[in-house]
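Open the model in your viewer and switch to a cartoon view. This tour moves from a sheet to the helices beside the sheet.

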Amino acid sequence: MAKKQFKAESKRLLEMMINSIYTQKEIFLRELISNSSDAIDKIYYRALSDEQIVFNKEDYYIKISVDKTNRLLTIEDTGIGMTKEELENNLGVIAKSGSFAFKNENEAKDGHNIIGQFGVGFYSAFMVADVVTVVSKALDSDEAFKWESKGADGYTVKETEKDTVGTVIQLKIKENTEDETYDEYLDEYRLKAIIKKYSDFIRYPIKMDVTLQKPKEGEENEFEEYQEEQTVNSMVPIWRKNKNELTDEDYENFYTEKRYGFDKPLSHMHISVDGAAVYKAILFIPENTPFDYYTKEYEKGLELYSNGVLIMDKCSDLLPDYFSFVKGMVDSEDLSLNISREMLQHDRQLKLIAKNIKSKIKSQLQSLLKDEREKYEKFYESFGRQLKFGVYSDYGANKEDLQDLLMFYSSKEKKLITLDDYVTNMPEDQKYIYYASGESNERLEKLPQTELVADKGYDILFFTEEVDEFAIKMIMNYREKEFKSVSSGDLGIEPDENEKQTESQEQDNKELFEYMKTVLENKVKEVKASKRLKTHPVCLTSEGELTIEMEKILNAMPN
Ligand code: ADP
Ligand code: MG
C-alpha cells in the first residue's frame, strides 16, 4: 500500500500554530526586526573575541522599504547572515532556533541580549505574505543564497548574488480579501507606527524612506514629494539610562508620551534589579484618580518588554489589585518574546519580578509618607480607598503590607493621621484605638457616643467610607492595641463613680424602660441606663462584632 502524505494538514497546522501564538497580525514586523537585531548582535559578540572583525556602529542597521506597486515589503539587515545550511536548518525547520543555540553556546560571553529562542517568529511573516524570499550572505562566506517559500508547502534554496554580508527578507503582501485588508502593511505611516510601538528600543537604527513634501521651486502654493531616509526608532530607552542623567522632566515627558495618564505623575520609581529576577522598570504613581478607576472598566497592568521589545500592553500579573493605580513598564531579559498570555501566568520569572515590584511600590509609598507627607496625602486622597479594599480583600492576607499606609481623620488633630500616629500619641491609660463610623466628619462630631471618649482626652478616628470598618475588622489590632467603636456596648472607660448611680437609675426606671422596649419592639434589643452620656439624653449602642454602621451596610447589600 502506498504511503499517504500529511501535506495539506501540515499547512493547516502551521496556520493554526501561528494564529494561536499571535493575536495580532502586525507583530510579524516586530518578529522580523527582532531577528535582524539578533543577527547584528551576533556580529557584535563575534567582534568581542575576534580581532579580525571591527564593529563600527554606523555600519549596522535595519532598513525597511516598501514597493506599493508590486506589493513588496522588504526588511534588510547588515547582520551576520546565513549560510546555505543555516537557511535550511533555521528557516526550513519549524521551531528550530539558531538564536537559542547561539545563546547556549555563548552563555559565558554574555549573549543574553539576543531576543529569539522559540524558532517560530519568522513564520509570522506568513500571516501577511503569500511568498517570503530571504536572500542572505553569511559572514566569512563568499556565496549568497536565496531561500523562497509560499508557506508549509516547502521551500527552495538557490545560489544568488549579494555584495554585502547580511540578509534581505522580502514579503509579497497578500491581496485584500472580503474580511481582511493587508494594504496597511504597505503604508509607510502605518509601518512607522508599528515600529514605534513594538521596536522603538531596538539598539540599532531602523531606517525607512519616508515621503515628505517641499514647496515647488518657483511656484507658489505648489508642493512636490520627495523621499528622505529617517531613523524611526529612538534606540536608547530611558529605562536603560542612568538615573543621574535624568531629570524629573524626563520622567514626566515619558509619562505623557506613553499616555499613562493625562495628569502629571505624583512620583516615579526607576528600578534596576540584578538578582534572582533581572529587570528594569519605570513606575509612576499618578496624581489623580483616573475617571474609571473605581469601576469594572478600569484595567490594571504594566507594559512588559523583553529586551527592549514590547510583548504586552497591560500585563496585569505584575501588579496586585491594591496597587492597581501604578502605571509604567518593565523590561526583562529573562522573558521570551513570543510567549503567550497563558504561558506568562505560569512564568516563574514573572512571578519573581511581580513580587519584587510589589515591595518596591510599598517602600516608595512608605518613604513618601515619611518624607513628603503632603504628597502622600494627595496620593491617599486619590487612591487610599483602594488600599483599604486591599486590607479587607483576600481575608486580610495583605494587611501586614498595607496597614502602615492607611490614614484616617482624627477628631483631635482635625486631619488625616496614620495608625502609628494614633498609637504614638495615646495617653498611657488608654486601652483601645477608638473610632466612630458615620456619613461625614461633621455628623460624627455631633454623635453623642463620642462624648465620653473625647472627654477623657482620647482621640477618635472618623470612618466615613463604607470600607473603613471592614478593613479595621481585618487588622483587629495595631501595635497590640485593639480597635473599639465608640458605639460598642463596653467602651472600657466608664468612670467608676457613675456605676452606682446607673444601677439605681436602672431600678428606678424599670417600668419606663420596659414600656420603651415594647414600643420599639423589633427595633431595639434592650433599653438601658447609659454610663457614657453627658449632655445628650439618649444614644444607640450595639453588642457583639457588628457595629450599627456595619449592620446598615450589610442590610443595604443585595442578597
Ligand atoms: P527565533 O528568533 O525565536 O530563534 P525565528 O523563527 O524568529 O526564531 O528565527 C529562526 C532562526 O532563523 C533564528 O534563530 C536565526 O538563527 C535565523 N534567522 C532568522 N532571521 C535572521 C536574520 N535576519 N539574519 C540571520 N539569521 C536569521
Ligand atoms: Mg525571532
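Two strands pair if DSSP finds at least two bridges between them. Helices (H or I, at least four residues) and strands (E, at least two) are DSSP runs, numbered from the N terminus. The model is predicted: local features need pLDDT of at least 70, side-chain atom pairs count only at pLDDT 80 or more, and totals for chains, interfaces and linings use all residues. Residues are numbered from 1 along each chain as its sequence is written, while chains are lettered from A and ligands numbered from 1 in the order in which they are written.

Select 407-410 and 460-463. These are strands S14 and S17, an antiparallel pair with two bridges. Show side chains here: Tyr409 stands opposite Phe462 of S17.

Now widen the selection. The open sheet has six strands, ordered S15-S14-S17-S16-S19-S18, and its pairing is mixed.

Contact requires C-beta atoms, placed from the backbone, within 7 Å. Axes are lines fitted to C-alpha atoms, for helices over the stretch in contact, and angles run from 0 to 180 degrees between N-to-C directions.

Last stop: select 373-392 and 466-475. Helices H9 and H14 pack here at about 40°, their axes 8 Å apart. Contact residues include Phe389 and Tyr392 of H9, and Phe470 and Met474 of H14. Colour the contact by type: eight residues are nonpolar (Ala, Val, Leu, Ile, Met, Phe, Trp, Tyr, Cys, Pro), three are charged (Asp, Glu, Lys, Arg) and none is polar (the others, Gly among them).

Definitions and conventions
Contact = placed C-beta atoms within 7 Å.
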